[in-house]
Amino acid sequence: MPECYLINHFERRAYPLRQPLFTIGRDADSDLVLREPTVSRTHARLVLDGDDAILETLGPTGTRVNGENVLIPRKLVQGDQILIGTAKLTFASGVLPTGFALAPGGEHPESDPDTRRTTIRTPLLHAREKKDGRSFPLRASLLFVVAVLALIYAIFARG
């Protein structure tokens, strides 16, 4: 099979498809990480089978190829436009198109261990960690602050 790539137009990067299974998603362990809330942790995968590249959608928000929803595994051909969330990807085989940098080893450019997280989380909906390692629920702290402000308002409103 000739060298195949998934081209991320926003990043201007080409991700080489070298392993038989290539994952796309929000999870930091994905081969191509798309950091946006509409993308599932493991949203889609490409399976390389001989000379074929087969796209399977795994995310509930769906994947589109050339404007059509992917409901069953679909064989990709040169130039197919893939839409995952707002990310526009193109499947290319053969020579790397000009104007795109090759992603090193298929890794995301933000693969620095300090920036990697297993998932993108909304801070208002999840617990926050203190430096000593104990979990402190953000909602409880917000409720406490609101109660204190209501008490202060009630005291000064009377007087």
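In what order do the strands of the open sheet stand, and what is the sense of their pairing?

1. The model discussed here is a predicted one. Its open sheet has 5 strands, in the order β4-β3-β5-β6-β9, and the pairing is mixed. At the edges stand β4 (32-33) and β9 (74-75); each has a single partner strand, so one side of each is left without a neighbour in the sheet.

2. One pairing in this sheet can be followed in detail. Strands of a sheet pair through backbone hydrogen bonds, in either a parallel or an antiparallel sense. Here β3 (residues 21-25) and β5 (residues 44-49) are antiparallel, with 4 bridges between them. Within that pair, Ile24 stands opposite Ala44 in β5.

3. Next come the loops. Arg12 lies in the loop between β1 (4-8) and β2 (13-16). The phi of Arg12 is near 60°, a positive value in a residue that is not glycine.

4. Asn66 is another residue to check by eye. Asn66 sits in the loop between β7 (64-65) and β8 (68-69). Asn66 is not a glycine, yet its phi is positive, at about 50°. With a relative accessibility of 40%, Asn66 counts as partly exposed.

5. The loop residues to look up are Arg12, between β1 and β2, and Asn66, between β7 and β8.

Notes:
Residues numbered from 1 in each chain as written. Predicted model: local features only at pLDDT ≥ 70, side-chain atom pairs only at ≥ 80, totals over all residues. Heavy atoms only, no water. Pairing = 2+ DSSP bridges. Helix = DSSP H or I, 4+ residues; strand = E, 2+ residues; numbered from the N terminus. Buried < 20%, exposed > 50% of the residue type's maximum accessible area, 1.4 Å probe, protein only.
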